[in-house]
Amino acid sequence: MRVAIITASTEVYRGSAANESGEAVMEMMEGAGLEITYMGAIPNDREVLAAVMTRITDTFSADLVLTTGGAGCGPSDCTPEATMDIIEKPIVGIPEAMRAYSMKLTKRAMLNRSVAGIRGEVLIVNLPGKPQAVREVLKYLLPELVHAVEVIQGEV
């Protein structure tokens with residue numbers, strides 16, 4: 001399975017912050033034996049994020065697009081909106097499960113606005129922006145995300 005990792009962070013994009021959450025996603029994906037086809041930091045800009053996700057999905061560069069960052073309540077956070085702009089079918093159960101699981105660890109999980117959905121035959125999932133939260137959530141969700149991609153692509 002091919003995975004694209006997008007870090008939504010203007011600071012990481014500019015090089016003024018390390019891409020710790022993107023690295024955490026990459027570690028988890030490589031540990032699961034999945035192929036990373038794209039990893040990049042994108043500024044917190046709704047149109048730019050939507051354009052990059054569209055390019056990845058429409059060129060069949062990945063089967064799964066995982067975003068990290070930009071899904072909180074900050075003034076520049078816009079990843080969920082960019083995702084909703086381009087998906088064709090929302091999958092509300094994924095972010096619901098992610099928040100329900102994360103709420104057992106921290107009440108601040110209720111502030112996460114992540115969404116998930118399908119564009120073409122590609123699953124897009126917004127993950128939290130903190131490295132530890134990324135690891136916890138992916139450990140919980142990854143088997144179901146792999147299964148979801150298989151179903152989306154008609155393999156199951």
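Visitor: Which residue forms a salt bridge with Asp85?
Guide: Asp85 pairs with Arg46, and their closest N and O atoms are 2.7 Å apart. A salt bridge here is a side-chain nitrogen of Lys or Arg within 4 Å of a carboxyl oxygen of Asp or Glu. The pair links distant parts of the chain, with Asp85 in helix α4 (residues 79–86) and Arg46 in helix α3 (residues 46–58), 39 residues apart. Helices (H or I, at least four residues) and strands (E, at least two) are DSSP runs, numbered from the N terminus.

Visitor: Before we continue, what kind of model is this?
Guide: This is a predicted model, in which local features need pLDDT of at least 70 and side-chain atom pairs count only at pLDDT 80 or more, while totals for chains, interfaces and linings use all residues. Residues are numbered from 1 along each chain as its sequence is written, and side-chain values use heavy atoms, with hydrogens and water left out.

Visitor: Back to that pair: how is Asp85 classed by relative accessible area?
Guide: Asp85 is partly exposed, at 44%. Arg46 is partly exposed as well, at 40%. Buried means under 20% relative accessible area, exposed over 50%, and partly exposed in between (1.4 Å probe, protein chains only).

Visitor: How many salt bridges does the rule give?
Guide: The count is five. One of them joins Asp58 to Arg119, with the closest N and O atoms 2.8 Å apart. Asp58 belongs to helix α3 and Arg119 to strand β5, so this pair ties together parts that are 61 residues apart in sequence.

Visitor: Is Arg119 buried or exposed?
Guide: Arg119 counts as buried because its relative accessibility is 16%.

Visitor: How do α2 and α6 pack?
Guide: Helix α2 (residues 20–31) and helix α6 (residues 131–152) pack at an angle of about 30 degrees, and their axes are 8 Å apart. Axes are lines fitted to C-alpha atoms, for helices over the stretch in contact, and angles run from 0 to 180 degrees between N-to-C directions. The two helices, α2 and α6, are therefore roughly parallel to each other; that label covers angles under 35 degrees, whereas over 145 is roughly antiparallel, 65 to 115 roughly perpendicular and the rest oblique.

Visitor: A change of topic: where is Asn126?
Guide: Asn126 sits in strand β6 (residues 122–127). Asn126 is buried, with a relative accessible area of 0%. From Asn126 to Thr83 the C-alpha to C-alpha distance is 8.1 Å, although the two are 43 residues apart in sequence.

Visitor: And where does Asp63 lie?
Guide: Asp63 is in the loop between α3 and β3 (64–68). Asp63 is buried, at 10% relative accessible area. Asp63 and Val146 are 83 residues apart in sequence, yet 9.4 Å apart in space, C-alpha to C-alpha.
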